[in-house]
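Have the coordinates open and follow along.

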Amino acid sequence: MDVEARTSAGSLRGARLRLSAAFWRRPWLKLLALLLPPVAAFGLVYVTSLGALLASAFWSSDAFTAKVIHSWSLTQFRAIFSLSDPTYLRIAIRTVLIAAAVTVTDAVLAFPIAYYMARLATRRMRSLLFVLILLPLWSSYLVRIYSWTTILSKTGPLNWLLNGLGLPDTHLAYTNWAMWIVFSYVWLPFMILPIYTAIERVPGNFFEASADLGARGPRTFRSVLLPLVFPAIVAGSIFTFSLTLGDYITPLLVGGPGSLLIGNIVYENSSTNLAFAAAFAVVPIGVMGVYLAIARRLGAFEAV
Amino acid sequence: METRATRAGLKVWTWLIVAFLWIPLVVIGLYAFNGSQIQSWPISHLTFHWFSMAWHDSQVRDALWLSVKVGLLATGVALALGTMAAFAVHRFRFFGRESVSLLFLLPIALPGIITGMALSSAFSFAGVQLTMWTIVIGHSTFCVVVVYNNVIARLRRTSPSLIEASMDLGADGWQTFRYVTWPLISTALVAGGLLAFALSFDEVIVTTFTAGGTTLPIFILNNLRQGQQLPIVNVIACVVILLTVVPVWVSQRLTSDGDGATAVRAAAAAAQSSQSA
C-alpha cells in the first residue's frame, strides 16, 4: 500500500517532469499552447466581425426592404458625401469641428496644471494631484455626463451661482456649447497626463541655460519648453480628438436638436440600415487615419 | 524661469482644474441625498429615502446583479487570455509578435460604437441570441488588453534568471510557475483584474449593441433618456462611482511603488482602456 502510493506519487512527479522536459525541448509547442487560445478567440470573434462590418460599408441596401445587397459599390459613400443633400456632410463637418475645439480647449486647460505638477509641486502634492486627476477619469463616464445636465439645467447649481453673483441665467443646457463643455470635461485627464510626462522629462538645466542666455519666462516657454512638449500635446490630442469623433452618448444626453454627431447617425442606422451605418462609421476611422499619420510625423508616438 | 506671480497663478489654475474635475461628482453625490423629488438647486433638505427605494427596487437589483455577473465573467476571460498572451509575447520571439499587441489594442483604439456594431451584426448573422453571454463576449474584447498590459509590464520588470535558477535547482515547469512566477505576477493579475472589472461595470456603448438584458449603466441610460426615476438614478450613479473608483484605487496601490513614473504608466493604461467606455 505504502509502496504503491509512493510509486504513484513518483510517477505523477515523473509525468510532470516529462511534460516540462517536452515543453522545454520544443519551445514552439509551449508558444502554441500559450498563444493559440487568445489569438484564435480574438481572431474568430473580433477581427472577423470587424472585417465583415467594414466590408458591408461597400454594399448597398434596398431602399424599400432595407435588405443588404451583396454587391460592391460606393452607394453609401455617395449618399454621405452628397453635395445636393448635405445633411450627412454637415454632420461630419460638425463632428470634426467639435472634436478640434475640444482638443484645443483641453490643451489650453491642461498645460498649466501639467507644468505645475511636473516642476513646482512637492512630491507629496504631485501624488495627491495624480489621484485627484485619475479618479474622475475612472468614475462612471455616463454619470459624469449626466451630472452636467443637472449642473447646466435651468434650476441647477450654475444658474443659482450666477444669480447669487447678480448675473442673469444662462441657457446652456441642450446646446452645442453644452456638448463642448462636457466633451472637454470628460477627456481632460487624457491631455494632462502626456503633457505632464513630457514636461517632467525636460532637464532642469535647460531652463537655467535659457535664463543665463537672457531669456525671460515667456521667451523660455516659447523657444524651449513648447517645442519640446509639442509632441506630447499632439499625443494627448489623439485621445481627445478620436474619443470625440466616436461618441454618441454625450450628444444624446446634453446635446440639442442641432447637435447630432457621426456617432448618433451610426447608432440610429445600425439596426435598420447596417450598410449605411458601417459606411458612416468608416468616416471617423479615415479621419483618424489621416490624423495619426500627421501625429506620427510630429513625433507624437515617441511621446506617449 | 517663473516669477512669483506666475507660480501663484499656476497654483490657482491647478486647483481650479481639480475643482472642475470634481464638482460634477460632488453634485451627483449631493443630489443622491436630495430630500425633494424635483432636481433643483440648492437642495433644501437631505434624506436616505432614495437609497432604500433603490435597494428595494427589483429592476435595480436585477440590473446590479447582471452587471456584477458580467463583470466577473468578462474579468475571468480577460485574465485567462490576457495572461497567456502576455507570457507568449514576453518569453518568445516569433513572426508577427508586434501585431499581437496591436491586435489586443484594437478594441480600445477604435471607437466603442464600431466594436459594438461589428459584434452585433456578427451575432445576428450567426443567429446567436443576445443573452448575458453576448455581453460577456463584448466586454472581454476590451478587458483583455488591460490584463495583458499589466502582466507584460510586470514580466518585463522581473529577471529571467529567477526562472533559470529555479529550473537549475530541479523544479519542473509547474513548480517554477507555482513558487517563482506566480508570486511575482499575482499582484499584477489582481490589479489588471480590478481594472477590467471596473471597465466592464461601467461600459455603455458596446453593451447597448450586445445586451440581452439590462446592466446598471443601461438602466441609467434608459431612465436618463426618458427622464424617469431620476432620484433613483442619482443613487445608482453614486454607487457606480464608488464601485468603479474603489477597485481602481486598490489596483493603483498594488502596482505602484511610490514612484511617479509607475503612476503615469498605470494612467496610460487607464487612458487607453477608458476609450471604449
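**What the labels rest on**

The model is predicted. In chain A, helix 12 has these buried residues: A:I262, A:G263, A:N264, A:I265, A:V266, A:Y267 and A:N269.

Q: What makes helix 12 of chain A count as mostly covered?
A: A residue is called buried if 20 or more other C-beta atoms lie within 10 Å of its own. Seven of the eight residues in helix 12 (residues 262–269) are buried, and the helix is described as mostly covered.

Q: What covers the buried residues of helix 12 of chain A?
A: The cover includes helix 4 (87–120), helix 10 (217–246), helix 11 (249–254) and helix 13 (274–297) of chain A, together with helix 5 (112–125) of chain B.

Q: Why is A:T272 called exposed?
A: A:T272 has 10, so it is exposed. As for its place, A:T272 sits in the loop between helix 12 and helix 13 of chain A. Its C-alpha atom and that of A:F221, 51 residues apart along the chain, are separated by 53 Å.

Q: How do you know that helix 5 of chain B has close to its expected span?
A: The expected span is 1.5 Å times one less than the number of residues. Helix 5 of chain B has 14 residues and reaches 20 Å from its first C-alpha to its last, close to the 20 Å expected. After this helix comes B:G127, with a positive phi near 70 degrees.

Q: What makes helix 5 of chain B mostly covered?
A: Here the count is twelve buried residues of 14. Among them are B:G112, B:I113, B:M117, B:L119 and B:F123.

Q: How many helices and strands does chain B have?
A: Chain B has twelve helices and zero strands, and its pattern along the sequence is α-α-α-α-α-α-α-α-α-α-α-α. The C-alpha atoms of chain B fill a box of roughly 70 × 65 × 30 Å along the principal axes. Of the 277 residues of chain B, 48% count as buried. Among contacts in chain B between residues at least 6 apart in sequence, 78% join residues at least 24 apart.

Q: Which residues have the most contacts inside the largest nonpolar core?
A: They are A:I192, A:I195, A:F280, B:A78, B:I236 and B:A237, in a core of 166 residues. Helix 3 (residues 58–91) of chain B gives the largest share of this core, 16 residues. Domain 1 (2–56) and domain 2 (75–303) of chain A each supply at least three residues to this core. Leaving out residues up to four places away in sequence, B:I236 touches B:A54, B:V60, B:L216 and B:I220.

Q: What separates the centres of domain 1 and domain 2 of chain A?
A: Taken over C-alpha atoms, the centres of these domains of chain A are 43 Å apart.

Terms used:
Residues numbered from 1 in each chain as written. Chains lettered and ligands numbered in written order. Predicted model: local features only at pLDDT ≥ 70, side-chain atom pairs only at ≥ 80, totals over all residues. Helix = DSSP H or I, 4+ residues; strand = E, 2+ residues; numbered from the N terminus. Contact = placed C-beta atoms within 7 Å. Core = buried A, V, L, I, M, F, W, Y, C linked by C-beta atoms within 7 Å. Domains from an automatic or database assignment.
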